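Here is a report on one protein model.

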Amino acid sequence: MLTAVLDLVLPAACVGCGVKGASCCAGCHASLTAAPARRMPVPVPPGLPDCWSAAPYTGSVRRLILAYKERGAVAVAGALAEALTLAALTAFAWRPPLERFAVVPVPSSRRVRRGRGHDPVGRLAALVAERLRGFGLGAELWHGLEQAREVTDQAGLSGAERAENLAGSLQVPQAVKTPPGPCALLVDDVVTTGATLAEAARALRAAGVSAPLAVTVAATRLAYRRS
Ligand SMILES: [Zn+2]
C-alpha cells in the first residue's frame, strides 16, 4: 500500500542502481540472469544439495536482494523469481527433475517474518513453481519446512559455527499436507556457507523427502571462492 502511494508521489527508480524507470532496470535484470551456474560453498557441508545460483552476490544483484528482503521491495520479486527459474532450468539440464517434485522455500525465522512483515523466500518459491509449470514441469509449491526453534543471527559466524547454530533448527511441520513427490527443489535467496541449505536437506530427508538440488538467486564469494 505504502509502495503504491509512494509510486504516485515519487518517480519510480531501479532498486538495484537508482536509474529512473522500472523497479529493476534492463541492466540490473541482465546482471541477475547473465551467469546461472553451479556455485558450491567451500568447504562443502555434509549433506549439502547441489547448489545452483543465478549470479554472484555483488553490486546491483546484492542491492536488489537486500531491498527485496530487508525493505519489502516486492516489485522486484518477479525479476528475482525469473533469475531463480533460470538457475533451476540450467541445473535441470545436468540433473533432470522427476515428473512431479516439490518446490520448498527455506523458511525465515518467525522473528524475521514479524519484523519484515512478509515472507520473502516463500513468495519467490511460489513464483518459481508457477514459472517452472509454465515450462511444462511438474513443480508444486510445498511449505514442507518450518523453524523448529529460533536461531541466533548467522552474521559473522564461521561455517562450522553456523552448522552448530543451525543443527536441528528446521523440521517438516506435523500438519503439513503430503509432499507432491519424493523429491524437493530447495529455494533460498543467497548461499554463503551452505549451512542453512544442508540443514534444510537434512530435515527433509528425515521426513523421507530427498533434496538433491538447491537454487538461490545469488552466491557469495565465500560460496565458490576456490571451486
Ligand atoms: Zn538498475
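## Basis and overall make-up

Two residues are in contact if their C-beta atoms, placed from the backbone, lie within 7 Å. Among contacts between residues at least 6 apart in sequence, 76% join residues at least 24 apart. This is a predicted model: local features need pLDDT of at least 70, side-chain atom pairs count only at pLDDT 80 or more, and totals for chains, interfaces and linings use all residues. Residues are numbered from 1 along each chain as its sequence is written.

The protein has 9 helices and 8 strands. Helices (H or I, at least four residues) and strands (E, at least two) are DSSP runs, numbered from the N terminus. Of the 227 residues, 42% are buried. A residue is buried if 20 or more other C-beta atoms lie within 10 Å of its own, exposed if 12 or fewer, and partly exposed in between; these C-beta atoms are placed from the backbone.

## The nonpolar core

In soluble globular proteins, nonpolar side chains tend to be buried together. A nonpolar core here is a set of buried Ala, Val, Leu, Ile, Met, Phe, Trp, Tyr and Cys residues joined through C-beta atoms within 7 Å. The largest such core has 65 residues. Within this core, Leu 80, Leu 84, Val 104, Leu 186 and Val 187 touch the most other members. Helix α4 supplies the largest share of this core, 9 residues.

Leu 186 shows what these contacts look like. Leaving out residues up to four places away in sequence, Leu 186 touches Pro 49, Val 104, Val 106, Leu 197, Ala 200, Ala 201, Ala 211 and Ala 214.

Two packed helices are described by the angle between their axes and the distance between the axes. Axes are lines fitted to C-alpha atoms, for helices over the stretch in contact, and angles run from 0 to 180 degrees between N-to-C directions. Angles under 35 degrees count as roughly parallel, over 145 as roughly antiparallel, 65 to 115 as roughly perpendicular and the rest as oblique.

Helix α4 (residues 77-94) packs on helix α6 (residues 120-134) at about 55°, with the axes 9 Å apart. That angle makes α4 oblique to α6. The crossing is right-handed; a crossing is right-handed if the near helix is turned clockwise from the far one by less than a right angle, and left-handed if anticlockwise. On the α4 side, the contact uses Ala 77, Gly 78, Leu 80, Ala 81, Leu 84, Thr 85 and Ala 88. They meet Arg 123, Leu 124, Leu 127, Val 128, Arg 131 and Leu 132 in α6. The contact residues divide into 9 nonpolar, 2 polar and 2 charged. Here Ala, Val, Leu, Ile, Met, Phe, Trp, Tyr, Cys and Pro count as nonpolar, Asp, Glu, Lys and Arg as charged, and the others, Gly among them, as polar.

Leu 132 of α6 counts as buried, with 22 C-beta neighbours inside 10 Å. Leu 132 touches Thr 85, Ala 88, Leu 137 and Ala 139, not counting residues up to four places away in sequence. Leu 132 and Ala 88 are 44 residues apart in sequence, yet 8.5 Å apart in space, C-alpha to C-alpha.

## Helix α2 and its two partners

Helices α2 and α4 pack at about 30°, with their axes 9 Å apart. They are therefore roughly parallel. The crossing of α2 past α4 is right-handed. His 29, Leu 32 and Thr 33 in α2 meet Ala 79, Glu 82, Ala 83 and Leu 86 in α4. The residues of this contact are 4 nonpolar, 2 polar and 1 charged.

Helix α2 (residues 26-33) also packs with helix α3 (residues 59-71), at an angle of about 95° and with the axes 9 Å apart. The pair is therefore roughly perpendicular. Cys 28, Ser 31 and Leu 32 in α2 meet Gly 59, Ser 60, Val 61 and Leu 64 in α3. This contact has 4 nonpolar, 3 polar and no charged residues.

Pro 43 is in the loop between β1 (37-38) and β2 (50-56). Thr 58 lies in the loop between β2 and α3. Thr 58 is exposed, with 12 other C-beta atoms within 10 Å. The C-alpha atoms of Thr 58 and Ala 218 are 8.4 Å apart, across 160 residues of chain.

Pro 212 sits in strand β8 (residues 210-219). Pro 212 is partly exposed, with 16 other C-beta atoms within 10 Å. Pro 212 touches Pro 49, Asp 50, Arg 95 and Cys 183, not counting residues up to four places away in sequence. Between Pro 212 and Asp 50, 162 residues apart along the chain, the C-alpha separation is 6.1 Å.
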